[in-house]
Amino acid sequence: MISRIDIAILIACLGAGAVVAVPRHQMFARETRAAEVSALSFGAATAAQLAHTRWLAAGQPATIDGTRGVVAMVNGFPSPATLPLMLTESETLAFAYDSGVWRQRAVGVDQPCGVAYQPPPAPDQNPDIQARTSGC
């Protein structure tokens, strides 16, 4: 038969385990989100360079064919609205995209956890791609 003391000890052990496990889980979740942001920033940079190469090879047209549709080009790189068309859906699944910014879905809207993209302001420059991991 289980006594009240046994139950109290069991509850205390479970509580102590939760005190250790919850912060550790939060730390792993933050690290995972930051890694997803870093991976997406590398993917976006690769996609932008691939689009630039296709643009040059095609004779610098206003649009090129991307992985998932027609990509509008700005100064030789994808526009913010069409860069996602150069990426696969699985690369961006954990993110919400709006006007050149992928925001990690698992954090609050006010947190800077995501990737920002802007095409170059002039020809012969590179796009600005920033991985923002401080709010992850």
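Modeller: Strands (E, at least two residues) and helices (H or I, at least four residues) are DSSP runs, numbered from the N terminus, and two strands pair if DSSP finds at least two bridges between them. This is a predicted model, in which local features need pLDDT of at least 70, side-chain atom pairs count only at pLDDT 80 or more, and totals for chains, interfaces and linings use all residues. Residues are numbered from 1 along each chain as its sequence is written, and side-chain values use heavy atoms, with hydrogens and water left out.

Biologist: Which residue stands opposite Y97?

Modeller: Strand β4 pairs with β5 (residues 101-104) in the antiparallel sense, over four bridges. The residue of β5 that stands opposite Y97 is W102.

Biologist: Which strands stand at the edges of the sheet?

Modeller: The open sheet consists of four strands in the order β4-β5-β6-β7, with antiparallel pairing. Two of them have a single partner strand each, so one side of each lacks a neighbour in the sheet. These edge strands are β4 (95-98) and β7 (128-132).

Biologist: Does I11 count as buried or exposed?

Modeller: I11 is found in helix α1 (residues 4-57). Buried means under 20% relative accessible area, exposed over 50%, and partly exposed in between (1.4 Å probe, protein chains only). At 56% relative accessibility, I11 counts as exposed.

Biologist: What pattern does the protein chain follow along the sequence?

Modeller: The protein chain has two helices and seven strands. Read along the sequence, their pattern is α-β-β-β-α-β-β-β-β.
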